[in-house]
Amino acid sequence: MASTRRRRAGGVPMAVIRLGVAAIVVLGAGVIGGARAQLRMGFYDESCPAAERIVGEYVRQHVGRVPTVAAALLRLHYHDCFVRGCDASILLNSTGNGGAAEKDAAPNQTLRGFDLIDRVKGLVEAACPGVVSCADVLALAARDAVAAIGGPSWRVPTGRRDGTVSSMQEALAEIPSPAMSFPELAGLFATKGLSVRDLVWLSGAHTIGIAHCSSFADRLYNGGGGAGNANGNNTDPPPLDAAYAANLRERKCRTAGDGVVEMDPGSHLTFDLGYYRAVLRHRGLLRSDAALVTDAAARADIAGAVASPPEVFFQVFGRSMATLGAVQVKTGSDGEIRRNCAVVNSGH
C-alpha cells in the first residue's frame, strides 16, 4: 500500500516495518501447517453457523460495560497457548485426586475471565450442543475483546479441540516469567514456534495491561537492572527511569505488596503504542518489558513501530496473535469437545 513508502518523524521508513510483517506472515503459515492443523475459516459454518456471532455479541456487550475485560481475555488465551498449546486446558479445574491444574499455578492466580468464558460457552452450547470447543470460544473471545476496545482484529481459523490434561507444574515451567532476560524469553518462545518478532509484538498487549507492584518490586526498590552497553545486547535490562520509579513508590507502590500499576499510564484502556513508548523511555515495569531494549533488533523494531502509524502495529500484532493461536493445537480426533469448560467430559 502507498503508506509503506512514507517517512514519519524521526526518519524511520515504513518499509522497515513492512519487512517485519512479511517475516511474520511466513512464520504464521509454517506453524499452522506443522500443527496437524485442520483449522480453517468458517469451520462451524454448517455445524453451528451462529457460533462466532454469539461469541462476538456477548464479548462486545461486556467489554463495552467493563473495558478491562479485554486485557483479561487476552491474557487468558495467551497463558492457555503456552501450556500444551491452545487447547483450553487453562480452564480446567483441579481434580479431587490430587491433580493440581494450570489455573492454580502462581502465574495464573491473577487471571480473570473464567466466568465470562463459561457464560458464552453456555450460550453456544444452547444453540449447538457438543459442537464448538472451549478452545475456539476462548480464541474468538480474545480477538473480539481486543477489537471491542478499538484494537486490531485478526483472522481466527477454528476447529480446535479441547485438551483433557491440565498440570500446575507444566504451567510453572512453560509460562514466561516477568523476570526473564531477552535470551530466556526468545528461547522459550522458540519452543512454541514463535519468533523474536512475535515476542516483540505480542509484548505489545501490555498496552492494556496492569502489573502488581510485587511483580516488579526488585526494579522499584532495589534498582534492578544494568546500565547496558554500546552494542545494545547486554542481557541485563536497564533500570526503571529514576523519576518514574520515585513517583510509583510515592503514589502506587508504597510497599512491595499488591498494589497495581497501569503498564501504559494514561491510556491503558486504549490499544495503542503507549506501552512501546514507555519501554523506550525505560518505563517498562517488568524486567521482561525492559529486556526488549537489550536486543538491538528488537529495539529497532519497537522504534520503527513507534515512528509509524498505529495501523502498522495493529497489523503485526494481529498476525502474531494468529500465529500464537495455532500453537500446538489439537484437531481431528485429538482431544474432545467439552460441554463444560471447567471439567473434561468424563469428569465431575
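1. Which residue does the UniProt annotation "binding site" cover? According to the unreviewed entry, the residue is Pro-176. UniProt positions are given in the numbering used here, feature names are shortened, and annotations may be inferred rather than shown by experiment.

2. This is a predicted model, in which local features need pLDDT of at least 70 and side-chain atom pairs count only at pLDDT 80 or more, while totals for chains, interfaces and linings use all residues. Residues are numbered from 1 along each chain as its sequence is written, and side-chain values use heavy atoms, with hydrogens and water left out.

3. The protein has 14 helices and 2 strands; helices (H or I, at least four residues) and strands (E, at least two) are DSSP runs, numbered from the N terminus. Of its 348 residues, 52% are buried (buried means under 20% relative accessible area, exposed over 50%, partly exposed in between, with a 1.4 Å probe and protein chains only). The accessible surface comes to about 14,700 Å², and carbon and sulfur atoms account for 53% of that (Shrake-Rupley method, 1.4 Å probe; for residues, only the protein chains shown count as cover).

4. Pro-176 lies in the loop between α6 (168-174) and α7 (182-191). With a relative accessible area of 14%, Pro-176 is buried. Not counting residues up to four places away in sequence, Pro-176 touches Tyr-78, Phe-82, Leu-185, Leu-188 and Phe-189 (contact means heavy atoms within 4.5 Å).

5. For "active site", UniProt lists His-79, again in an unreviewed entry. His-79 sits in helix α3 (residues 69-81) and is buried, at 6% relative accessible area. Beyond residues up to four places away in sequence, the contacts of His-79 are Pro-107, Asn-108, Leu-111 and Ile-175.

6. The largest nonpolar core has 76 residues, and Leu-91, Ile-117 and Phe-313 touch the most other members. A nonpolar core is a set of buried Ala, Val, Leu, Ile, Met, Phe, Trp, Tyr and Cys residues joined through side-chain atoms within 4.5 Å. Helix α5 (residues 134-148) gives the most to this core, with 9 residues. A second, separate core has 13 residues, among them Ala-211, Leu-240, Leu-248 and Met-263.

7. Leaving aside neighbours within four places in sequence, Ile-117 is in contact with Leu-73, Leu-76, Leu-91, Val-137, Leu-138, Ala-141 and Cys-341. Across the protein, 77% of the contacts between residues at least 6 apart in sequence join residues at least 24 apart.
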